[in-house]
Amino acid sequence: EGGFLVGGGGGTVFMKLELVQSQSDLTLPLTTDEIMRHITLNGQKELENARDFYLYARDWWRSFQEISNEHATREGVRIFAEDEQGTNRCVCTYVSPVKSGRLIDSPRHAARFVSLIPFERRSGVGGRRVDSWQSWHGFLSRGRGDVEDHACLLCSLLLGFGLSAYVVIGQAYDSSDGGDEQREHAWVCTITQGGDVTMIESLTGQRYEIAGGKAGPEDAANLPYATVSCVFNNTGFWANKNVDDGIAEVNWDLDNIKNWKTMDGEAIRVAPKTISNPATLIPCSSSTEVAEGLEKELQELIKSKREAAYGLSSQWDPELAYLLQPAIAAYENERLTGYSFGSDDFQNAVKNAVPERHCFKGLPLCFAHLDAGKIVAGIEGSDIGADILKSQGDAVKFALRVRVYGYAENTLAVWVMLAVKFLPKGE
């Protein structure tokens, strides 16, 4: 099996050939009737597997409900999810180990890559959410997806890096209202052999560490997640048996049958799957050339904006622009690792480059696209950015640095840092 690119990287056509059965008395070439007979037999076997798994899942769910009436209302315990073709599949089949070759360097880079893929809430007529998941190659082809799509892809990449990774389905606090409202959510966790747990928010790449396998009240208060309904990956499915499914009450020892009800691994193994996931990701185009072109385009747009809106001219300082690069590298590293380092080098360099009594202002922004017009609008939409664009005084010089970090599938982290140094009027 394998894949090949079509349309200059516009998509992947994945083709698969399987030898279903080998017979010692098989003679070649096969007739059309013999080929069709084998295809029919294989299709019948797949239908039998689908029926057997459905019957198993139905009995499993009834058994789960009998444990406690409280569990009957847990809609978050998701055994099946509808795919983009309208087929209900076991959620475990949406996850499979993915090895990205040289395109993604580490699990941290994998989380950063997935977080850069735009989030899009699936909704139908009237704005109601459409409950449909995508295979990860469908997700990458569209270039956007819902929370489950992000979580399943990140889990697959982490499994490829050899981690014990799982997709978690539960409730998260709705950050849009800043209160205690909850919404259905999906994220990823990894569990070490020592029992330490790391929660990873696939939409942002943010990591939350839980030492010892259980979040105490203090840890839980710092988490964006409220409840846990179920956990799964490509080989297992675990439903939370606790009557109180609050995240502070979750024991992350998945082998503990007191806290978790698990599915039979063999039943999951034979659950019907769609076509196998592609073995490789598409590499990104040259990020250096992209950054240089975008930088020139942004300089022209900013120059035109200042002339049209404020009647001001603009001068660019390439020496100062170069000094902005370490700051961008520090910001990207912070997104990757969660730790800030290297910013002191940038601050010292700026102090050396800005004359006495001069002011320096800078604004770093990160985008996941290359639309120069939208980037300028983003700068204007920031109070600091708008202030920089209106800068007046003596010896006003602007600096602009664009750095593009390319990940697989042409997913980009586009950092733009705009700065200005000037001598205020009256100085």
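Start with strand 9 (225-232): 8 of its 8 residues are buried, so the rest of the structure largely encloses strand 9. Buried here means under 20% relative accessible area. Keep in mind that this is a predicted model.

What does strand 9 pair with? On one side, 6 bridges join strand 9 to strand 5, and the two run antiparallel. Ala172 sits opposite Tyr225 of strand 9 in this pairing. Strand 9 also pairs with strand 10, again antiparallel, over 3 bridges, and there Val231 faces Trp238 of strand 10. Strands 9 and 10 make a hairpin, with 4 residues between them.

Here are the pairings side by side:

| Strands | Sense | Bridges |
|---|---|---|
| strand 5 and strand 9 | antiparallel | 6 bridges |
| strand 9 and strand 10 | antiparallel | 3 bridges |
| strand 6 and strand 7 | antiparallel | 4 bridges |

In the pairing of strand 6 (residues 182-191) with strand 7 (residues 197-200), Thr190 has Thr198 of strand 7 as its bridge partner. Helix 4 (residues 147-160) packs on the sheet, touching strands 5, 6, 7 and 9, and its direction makes about 0° with that of strand 6.

Now zoom out. The open sheet has 7 strands in the order 8-7-6-5-9-10-11, with antiparallel pairing. Strand 8 (207-210) and strand 11 (260-262) stand at the edges; each has a single partner strand, so one side of each lacks a neighbour in the sheet. On average, neighbouring strands of this sheet are turned by 30° against each other, direction ignored.

Note on methods
Residues are numbered from 1 along each chain as its sequence is written. This is a predicted model: local features need pLDDT of at least 70, side-chain atom pairs count only at pLDDT 80 or more; totals for chains, interfaces and linings use all residues. Side-chain values use heavy atoms; hydrogens and water are left out. Two strands pair if DSSP finds at least two bridges between them. Axes are lines fitted to C-alpha atoms, for helices over the stretch in contact, and angles run from 0 to 180 degrees between N-to-C directions. Contact means heavy atoms within 4.5 Å. Buried means under 20% relative accessible area, exposed over 50%, partly exposed in between (1.4 Å probe, protein chains only).
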